Every structure is written in structure tokens, then in C-alpha cells.
Amino acid sequence: MASKIYECISRIADIIIENKDFLTELDREIGDADHGINMARGYTEALGQLPQEETDIGAVLKKTGMVLLSKVGGASGPLYGTAYMKAAKAAAGKTTLTVQDGKEIFEAIIGGIKQRGKSERGEKTMLDAIIPAYEAFSAAAGEGKDLSGCLDAMCAAAAEGVEYTKTIRATKGRASYLGDRSIGHQDPGATSSLLTMEAIRDFLK
């Protein structure tokens with residue numbers, strides 16, 4: 001696993017870069033029209049700086065977070081940077097990850113994003129994809145499903161969460177300025193979170 005963590009981050013980067021225009025178009029509808037551009041730039045920079053032979057999963061996650069924090073503009077940089085930094089702390093020193101580790105990483109990420117973004121579920125943010133994903137992952141683990149089953153449940157719930165963001169009013173960030181006009185549009189941050197989780201699932205499978 002440890003030798004694969006760079007490859008996993010690389011897969012996430014590929015998916016984000018591939019969907020750069022799609023994410024930017026979503027952001028054009030309710031934000032600054034730069035989410036995809038900023039995220040693609042951040043991941044491109046991260047890949048250039050990540051240690052490819054590092055065996056400590058936490059160390060690679062921490063470096064990724066530091067780069068995203070410094071290179072991604074808008075709200076996305078601090079939020080994604082924080083997510084990776086919190087994940088890094090939960091995975092510090094680990095060279096393999098169990099389902100239980102996955103739950104702990106999820107919890108750390110959610111706590112970090114809530115704190116940094118002063119946000120909760122139901123406010124049309126990335127949390128509307130991440131929290132349902134965590135709940136589904138945990139429920140699947142509680143039912144004794146293997147990692148593959150947990151990851152499938154995670155992504156299905158995240159996809160439902162993205163759809164849910166279309167039905168609610170934004171109360172955070174630039175989108176909140178639109179008020180009720182933000183209803184009907186899916187949240188770019190929730191969408192990039194879903195893409196990230198799908199990339200992780202596909203890579204680990």
C-alpha cells in the first residue's frame with residue numbers, strides 16, 4: 001500500500017484534471033468560475049513535489065495538503081488542504097490502511113472541514129457528499145463488508161449527496177450571494193469530492 005500512495009494521489013489528480021472544465025462550468029453557475037482550474041493547478045503542482053518512494057502514507061498526504069493549501073486559490077485550497085492534513089495526522093506512520101483506519105481518516109477530514117469552513121451538512125458544500133459517504137462507509141463496515149464493499153457504498157452515497165445539493169440553497173461562500181437562485185445547481189466542491197472518492201475506489205479495486 002505504501003508504495004502505491006503516490007499512484008493513488010496521481011489517479012485523483014488525473015480525474016480532477018480530466019474534469020477541470022466540468023468543475024469550472026459548475027462553479028461558473030454559482031461561484032467564481034475557477035474551481036476546476038484551481039484544483040487542476042494544485043494537483044499538478046503536488047505531483048511535482050510528492051516523494052514517489054515514501055513509505056509513510058501520512059507523510060505523502062501531509063505533503064499533498066501543504067501544496068494544495070499554498071497553490072489552490074479560493075475556498076478550495078484551505079478546505080482541501082485541511083482535509084489532506086487531517087487525513088495525514090490520522091494516517092501518520094502507517095504503511096497500510098484498514099477499514100477502521102479509513103473510518104478514522106474520514107472522521108478527521110470531516111472535523112477539519114467543519115472547523116475550517118465553519119460549515120455543516122445541508123449548506124450546499126463538499127460536506128454534503130463527504131458526510132453521507134462516511135456514514136455509508138461506516139455502515140457497510142459494520143455489516144462486515146470488505147473494503148471493496150465499503151468503497152462502493154461510500155461512492156453511491158456521495159453521488160446521492162451531490163444530487164441533493166441541487167435541491168438546497170447555498171448558505172456558504174460565493175454561492176450564498178445568489179440566495180434561492182442557487183437552487184437547481186449542484187455544488188462544485190461536493191462534485192470534486194465525489195470524483196476524489198471515485199478515483200480512490202477505482203484505484204484500490
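Is Cys 150 buried or exposed? At 0% relative accessibility, Cys 150 is buried, where buried denotes under 20% relative accessible area, exposed over 50%, and partly exposed in between, with a 1.4 Å probe and protein chains only.

Colleagues, this is a predicted model, in which local features need pLDDT of at least 70 and side-chain atom pairs count only at pLDDT 80 or more, while totals for chains, interfaces and linings use all residues. Residues are numbered from 1 along each chain as its sequence is written, and side-chain values use heavy atoms, leaving out hydrogens and water.

The protein chain has nine helices and zero strands; these are DSSP runs, numbered from the N terminus (helices H or I, at least four residues; strands E, at least two). Of its 205 residues, 49% count as buried.

Beyond neighbours within four places in sequence, Tyr 43 is in contact with residues including Ile 12, Leu 68, Tyr 84 and Thr 196, contact meaning heavy atoms within 4.5 Å.

Finally, the cysteines. The whole structure contains zero disulfides, a disulfide being a pair of cysteine sulfur atoms within 2.5 Å. For Cys 8, the nearest cysteine sulfur, that of Cys 155, is 11 Å away. Cys 8 is also buried, at 6% relative accessible area.
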